[in-house]
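Thanks, everyone. Please bring up the structure, and I will walk you through it.

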Amino acid sequence: MHDQKENGTCQEVQANITQFMQEIFHTYKKQKDNLIPILEEVQEKFGYIPKEAQKEISEFLEIPMAEIYGVITFYSRFTLEPKGKYAISVCLGTACFVKGSRKIMDRLTQRLNIEPGQTTEDGLFSIDETRCVGACGLAPVFTVNGEVHGKATVKMLDTVLDEILEKEKTVEK
Ligand code: FES
């Protein structure tokens, strides 16, 4: 076990983040415009934007933490938590919404007991909402790790979740 810091990030991971941030800062000027490209690099490297990285960016670019948080939560490509092994997105774009995708999202949050943008404690599932994945003809749509499930129903979602849980049970054995 690694030593846990109060914010839940182990020291080894934190050292990794610090090292990566120092490398990035060498390649960027201290300009506010560089916030998005830096966040993109961090998201790509870690799969989310850790709090420690936000702090270092805040100091480097002299941007308040609240502003950085606002940018991360505004763009759906940035996340505050690592995605789950199964990243499920429900499309709430117009075509999907009018065909009832909200019901699918509601069922998903109810079954997994997390909200969009969150990951289950076991790291198995994360939920996101998206705006049009370009499959409007199949509305309503949800995706699992990018794989599109079209003409979706609550029942179909239940089946997909049950299959994943069954598969994971077998993996555990
Ligand atoms: S609105 Fe959902 S795929 Fe286009």
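Start with a helix pair. Gln-54, Lys-55, Ile-57 and Ser-58 in α3 meet Met-65, Ile-68 and Tyr-69 in α4. Meeting here is contact: two C-beta atoms, placed from the backbone, within 7 Å. By class, this contact of α3 with α4 has four nonpolar, two polar and one charged residues. For the classes, Ala, Val, Leu, Ile, Met, Phe, Trp, Tyr, Cys and Pro count as nonpolar, Asp, Glu, Lys and Arg as charged, and the others, Gly among them, as polar.

Before going on, some ground rules. This is a predicted model: local features need pLDDT of at least 70, side-chain atom pairs count only at pLDDT 80 or more, and totals for chains, interfaces and linings use all residues. Residues are numbered from 1 along each chain as its sequence is written.

Now the geometry of that pair. Helix α3 covers residues 51-61, and it packs against α4 at about 120 degrees, with the axes 9 Å apart. That angle makes α3 oblique to α4. The scale: under 35 degrees is roughly parallel, over 145 roughly antiparallel, 65 to 115 roughly perpendicular, and the rest oblique. Axes are lines fitted to C-alpha atoms, for helices over the stretch in contact, and angles run from 0 to 180 degrees between N-to-C directions.

Is Thr-73 buried or exposed? Exposed, because Thr-73 has 12 C-beta neighbours inside 10 Å. The cut-offs: buried is 20 or more other C-beta atoms within 10 Å, exposed is 12 or fewer, partly exposed is in between, with C-beta atoms placed from the backbone. Thr-73 and Gly-117 are 44 residues apart in sequence, with their C-alpha atoms 8.9 Å apart.

Compare another exposed residue. Lys-155 sits in helix α7, residues 154-172. Lys-155 is exposed because it has 9 other C-beta atoms within 10 Å. From Lys-155 to Asn-113 it is 42 residues in sequence and 18 Å in space, C-alpha to C-alpha.

Next, the sheet. Four strands form an open sheet in the order β2-β1-β3-β4, with mixed pairing. β2 and β4 (147-149) are the edges; each has a single partner strand, so one side of each is left without a neighbour in the sheet. The twist averages 25 degrees from one strand to the next. Two strands pair if DSSP finds at least two bridges between them.

Which strand is mostly covered? Strand β1, residues 86-91, with five of its six residues buried. β1 pairs with β2, residues 125-130, in the parallel sense over six bridges. There, Cys-91 stands opposite Thr-130. With β3, residues 142-144, β1 runs antiparallel, joined by three bridges. Val-90 faces Phe-142 across that pairing, and Ser-89 stands opposite Thr-143. Helix α6, residues 101-112, packs on the sheet and touches β1, β2 and β3; its direction makes about 150 degrees with that of β1.

Last, the whole chain. The protein has seven helices and four strands. These are DSSP runs numbered from the N terminus: helices are H or I, at least four residues, and strands are E, at least two. In sequence order, the pattern reads α-α-α-α-β-α-α-β-β-β-α. Of the 173 residues, 20% count as buried.
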